[in-house]
Amino acid sequence: MFYHNKRLQYYRRPERPDAVYAMKIQELIGGTFGEMTVMMQYLFQGWNCRGPTKYRDMLLDIGTEEIGHIEMLATMIAHLLDKAPATVQEEGASDAVVGAVMGGTSPRDVIMNAAMNPQHAIVSGLGATPSDSVGYPGNGRFIVASGNLLADFRSNLHAESQGRLQAVRLFEMTDDQGVRDTLSFMIARDTMHQNQWLAAIEDLEQSGLETTPVPSSFPLELEKREFAYQFWNNSEGNQSEQGRWAKGPSMDGKGEFEYVANPQPLGPEPHPPQPDPKLHGTGDVAHGQPGNGHSAPPLVERII
């Protein structure tokens with residue numbers, strides 16, 4: 001059961017409208033690493049969790065927090081779109097520079113973004129949409145919830161790292177102190193969440209429930225162990241030999257890294273089987289007289 005508190009988690013109102021910047025903020029809502037993605041990712045991981053209840057509870061805690069972040073950003077977009085009615089956009093459309101000013105804060109927006117996202121006026125009535133900064137809808141295919149907690153926690157760390165990076169970039173793209181103040185709170189929460197997932201990874205590994213390599217339940221003797229810790233130099237140059245990944249004990253403590261300077265193919269040259277003549281694909285052997293119209297009855301007829 002979910003409850004909603006009408007007060008925002010944190011918020012400071014923007015100092016002025018900026019419809020072009022509102023379009024950019026959409027990335028933090030519906031982008032690949034936006035709040036919609038992490039919200040659904042954490043909630044589904046929690047709902048699907050079969051491990052100790054502390055992990056399930058933690059996942060649902062942070063997933064629910066991310067719902068509040070979406071509400072904060074939607075509220076910010078509503079204020080950034082204030083005083084940007086359709087009539088103003090129509091008047092500005094006759095002059096590119098004027099249109100950009102009406103859609104943002106500077107004529108430079110002609111070069112950067114041209115004007116506001118038209119969907120903010122046409123589709124959402126000057127409100128946020130569940131989409132990214134170019135209008136692509138939030139996509140459930142971004143969601144990672146595998147049932148393996150270590151694999152999922154690593155994905156979560158990646159998502160929070162990319163999300164914080166994007167929030168920081170958006171912080172640098174505005175001088176509006178209200179926007180910066182709100183983003184500063186969200187950036188701080190991303191700092192916590194990165195540390196949270198690092199701590200969760202450590203906790204999970206120390207518990208012995210899951211270790212590297214994931215999944216640790218797969219018997220190592222079933223993989224070709226002679227290749228398990230080789231680094232293959234598959235591009236020109238050998239600077240990669242200087243890295244931690246090229247020599248010394250492997251990170252899982254179960255092997256030694258080996259640098260292979262000139263890796264060679266281990267398989268044969270491929271020779272795909274020839275296509276079935278009834279499918280009329282192009283092979284390297286002729287099948288009958290091409291184009292005579294009498295080679296075979298229709299495929300549907302043959303199947304029947």
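Mentor: Helix α1 is largely enclosed by the rest of the structure, because 12 of its 12 residues are buried, where buried means under 20% relative accessible area, exposed over 50% and partly exposed in between, with a 1.4 Å probe and protein chains only. This is a predicted model, in which local features need pLDDT of at least 70 and side-chain atom pairs count only at pLDDT 80 or more, while totals for chains, interfaces and linings use all residues. Residues are numbered from 1 along each chain as its sequence is written, and side-chain values use heavy atoms, with hydrogens and water left out.

The helix covers residues 19–30, a helix here being a DSSP run of H or I of at least four residues, numbered from the N terminus. Among its buried residues are A19, V20 and Y21, and also L28, I29 and G30.

At the start of α1, the backbone nitrogen of V20 has a side-chain oxygen of D18 within 3.3 Å; V20 is itself one of the buried residues.

As for length, at 1.5 Å a residue the 12 residues of α1 should span 16 Å, and the end C-alpha atoms are 17 Å apart, which agrees; the expected span is 1.5 Å times one less than the number of residues.

Elsewhere, an open sheet of three strands has the order β1-β3-β2, with mixed pairing, where two strands pair if DSSP finds at least two bridges between them and a strand is a DSSP run of E of at least two residues. β1 and β3 pair in the parallel sense over three bridges, whereas β2 and β3 pair in the antiparallel sense over two bridges.

Conventions: Polar contact = N/O pair within 3.5 Å; in protein donor to acceptor, adjacent residues only side chain to side chain.
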